[in-house]
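Me: I would like a close look at a single part of this protein. Please keep it brisk and stay with the details.

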Amino acid sequence: MVSVERKSTAKLTEIREIEKQMQERWAREKAFEIDAPEPGSSESKKDTYFVTFPYPYMNGRLHLGHTFTISKCEFAVGYQKLKGKRCLFPFAFHCTGMPIKACADKLKREMEDFGYPPRFPEVDEDEENKDKKQEKELKIEDKSKGKKSKLAAKTGSSKYQWQIMMSLGLVDEEIKKFADPMHWLYFFPPLAMKDLCSMGLKVDWRRSFITTDVNPFYDSFVSWSFLRLKARDKVKFGKRYTIFSPKDGQPCMDHDRSTGEGVGPQEYTIIKMKLMAPYPAKLKPLEGKSVYLVAATLRPETMFGQTNCWIHPDLTYVATEMANGEIFVCTRRAARNMSYQGFTKNDGKVDVVMELKGMDFMGAALHAPLTSFKVIYTLPMLTIKEDKGTGVVTSVPSDAPDDYAALRDLKKKQPFREKYGIKDEMVLPFEPVPIIDIPGFGNLSAVTVCDELKIQSQNDKDKLTEAKEKVYLKGFYEGVMLVEGFKGQKVQDVKKSIQKIMVEKNEAAIYMEPEKQVISRSGDECVVALCDQWYLDYGEEGWKKQAAECLSYMNTYSDEVRHGLSATLSWLHEHACSRSYGLGTKLPWDPQYLIESLSDSTIYNAYYTVAHLLQGGIIDGSGNGPLNIRPEQMTPEVWDYIFFKTAPMPKNCQIPKAALDKLRGEFEYWYPVNVRVSGKDLIPNHITYYIYNHCAIWPDDKSKWPAGFRANGHLLLNSEKMSKQTGNFLTLYDAIAKFSADGMRLALADAGDTLEDANFVEAMADAGLLRLYTFLEWVKEMLSTADKMRTGPMDSFNDKAFINEMNSAILLTEQNYENMLFKEVVKSGFFEYQSIRDRYRECTMGDMHRDLVLRFIETQALLLCPICPHLCEYIWGLLGKEGSIMQAQWPAVEAVDEMLLKQAQYLYDSTREFRLRLKAYMTLGKGKKASPPPSKPTHGTIWIAKTYPPWQNTVLTTLNQLYKAHGNQFPENKEIAAAFGNKPELKKYMKKVMPFVQLVKEGVAQKGVEAMNLTLDFDEKAVLEANLTYLVSTLELEGLEVKFSTEASENKIKEENCPGKPFLVYYSQPSVAMNLVNPQPCSGHFQMTIPILDNDTTSKIALRVTKMDRLIKDAKKVKIMRYEDPNLGPRQIPVMDQPMKNKIVVPDNAVYRINLETQTVSVQENGKTVDVGSQMAYMVDE
């Protein structure tokens, strides 16, 4: 979708100027700075609300994706402030980890390699296009290889770091400074803070900070937290499988990756298939050594069914020597992985004995473990890829559709066998071996599913994919073993046992590789390595149990989020928490390591509570805070005293007790965090660690455990993923410049609430900005004309309905805010709230009550304030309210009158139906094109029914009985129709019965069981008659009457009219055209021709005049006059300053009569009948 270009920016400019004024006011008033109150004060008795957002990484400007999640915190805080809570929303900036250091080092290398400013080599366009084509192909074949990371999406196609920095709008002289990683820490955080202030964020900026040891206070806090984790046996040291970057020489955590975020080690079982003599010619030099073709499998329990081994004839393999002297044949990539897992003599070194192609050992004889065949052979498979597993694939055609299809192809196609030198005895004797029985697929599931899907060959890729989906997981979870020793046991129960047996017999080994390709920020393809490292033991049962208990208490706002966190708890085990490269805090007991970026950011919300007192708003902690505490004074015992309410006063502490108590008081007052908000991608890592670490630091104080977590999906821009490469990208700064802060905020709120990806549509943001501006202009207009509005009692139907609908919408919006459903908030609290006003204005024909208009403006400002605070603050001022709207209270409402809501909805629905019927009345019928169009109706009769017609009454009664008999749900239509078949009173109406049933079912779905009531629970005649003036006006009629269907002469009306469904019959009355002139000089009112109907009154004619002249707002100000001489009067020259000369005002009680034959009009007044001729006059009292 292409973004919208505006023709004018005047509205945007006005809104942005208002925003600037409001932001300056809030800064001046320190509107969002808040401290813990004095104990015992009135403020201390108020509820608190503490919300946080995972601090963003500071390697660039904030974009709209960040803003979307931040906005959830912002809207929640705005609402909770209105509810009278004391709210804290702090914000910090994350600099820990490898990315900043890696980027700085890249810039340094680029200046060394290409000079300053760098002159990069020109890229051959053909080569570049070729690379893109290959990337696209890879993406089609293997999503893990072709998928771009978030970093790639943000930086576009820039090859060099210098180019990436240029894409941020930086010049060479500025970019040069970024070669120092410290420059990043002081460049991007202030920019982010400025951008966030420009959107009106309700943040207490005194509490902001940057991470890493650059900030000595935060560095001390993180050190303390890890000392406590280690003391509680949560941090351990040992060999652990982890994603590892050989180039960087350290584990590669999520935040250190260019691609592969969230990817972990995948465990395989290496199946050792021993090469049997005689060796193929290429392998002759290895005779006398134990040579194994090693296949990586996820299903070791299926090895009983091996019939052959697949290799790719054209793939490059290596024979490598292992630490025990055995020779493994596999791909170089797999050998590289193995070298970091203890397989080779030296870690990270692959001892290649020889390099060979798959064709070099095609047809080789092998001895494989567990199989019933003494010898199996290597056979060709052309779909094997080098980027997964070992390049050697063991074949189990009984349970793997791919294997069965490929084996069948070889059996059927002799030329194929001959091409690769495969003899018949290597293939033909081998048939699938039953090893597992799967419900629905039998004991040869691959054979069964291939037959069912009519798979012809191994080239039927889509069908084979479908086949695998059908049998793979079902086989693992529901399959039962058929082989001796394991017969009758579930597959999932014996997998580990069979793996253990083979490993103990040296027939297999445990092997790990990344689940998908992982590229580090330094551009290295990562492996899985067995590393000596510090790790957090998240698999420890006691700790896991505590985390599960914490989750059970938390408000997750959706079942999907709860399930995601619960699933993570079930599989999460160890997490490496240290690294040796990057920025961060050193492990206090082993300073050669840094604490990695996901591990230093788990309980920092506690630091927010005291940051302002320690750092005083200086983000790197380099200045003096209000308490004049120095970083070196913050010992572990001091942190204990602050965060553990039972901890004793630290010994030899140089900090006054009053200062320590103030720090402790701040923490105790604000904690726990009520809601933490993040994107859904943080559920399986950061948020889960956040839960674990709170349980570990405060194991005996559950009141400090997280209270709530709200997750959202990613943000699309114009229905597509944000990407700099495609130009579909928007920073926070640019979004505000384009749509204003409030316009952007409104569009973000309306973008979506669930875990599904939300959508920020620029055209909708533009429309939202227009809506806000239009509302502001309307408010100004209403306030300027308030003294002319109706006052007095507010007791009309429409006044009461308006009040009631406002109350209902306020309550619904409150509920949506509580559930953090901000798209629904915008719907109920702005879009629909505005519609309520529009209906009131329409139903009163502009004669709105002043107090109700003012209440609407006030409540609309309050409902919208959390979303669009600038505009609402400005309107609050226009209303003359004292103080800021930030200190206002959520609107109080009376109980909602549900009956009045039904009556109002009945009026709106009926009006809509009347309009549709009028449109149908004025539309030519089918086949009547030659007929003249019908004249516009002048009158109508609204027919209403007290009860349903007898046949419908029978249907409703029967349906109600069936509904209750089936547990408050309808049975199948077949059963419903059968129930009506034996009712003689319905025989005549059988064609109408089932359509009526469908309407009733739809009504029940919308309104509930009351849709089957036999009568309405309100007087619809009274509702319609109370609004006849409005109905006459909106339908542009001269008159309406309401009658009961029992009075109708037509059977159709009697038989089809039912309660709640009024039926309007239009008709026309004859009229005589009358010219009306306005004798007032320079009035702007002109001559018009209006129809005069028999028995018209002066007030009706005056109302007709106002319909034709929109400048006239009040029909009561219109005077209708006749000429003293109806023949001569119209021909006399008017006297400018005597508009009433020769004219007589027609009294309000006069009755107009028409003569259709002569087309003349007369007036009956004061017992006399006077001919008025063909022209009359009117005047308007200004």
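Which residue stands opposite T1097 in β36? Please take me through the sheet around that pair.

Reply: V1151 of β36 stands opposite T1097. Keep in mind that this is a predicted model.

β33 and β36 are joined by 2 bridges, in the antiparallel sense. They belong to an open sheet of 4 strands. Its order is β33-β36-β37-β38, and the pairing is antiparallel. β33 (1096–1097) and β38 (1168–1171) are the edge strands. Each has a single partner strand, so one side of each lacks a neighbour in the sheet. As for the pairing itself, strands of a sheet pair through backbone hydrogen bonds.

Now move across β36 to β37. β36 covers residues 1151–1155, and β37 covers residues 1160–1165. The two run antiparallel and share 5 bridges. Two of the pairs can be named. I1154 has V1161 in β37 as its bridge partner.

Finally, look at the two faces of β36. Y1152 and I1154 make up the covered face. V1151, R1153 and N1155 lie on the uncovered one. V1151, opposite T1097, is on the uncovered face.

Conventions: Residues numbered from 1 in each chain as written. Predicted model: local features only at pLDDT ≥ 70, side-chain atom pairs only at ≥ 80, totals over all residues. Heavy atoms only, no water. Pairing = 2+ DSSP bridges. Buried < 20%, exposed > 50% of the residue type's maximum accessible area, 1.4 Å probe, protein only.
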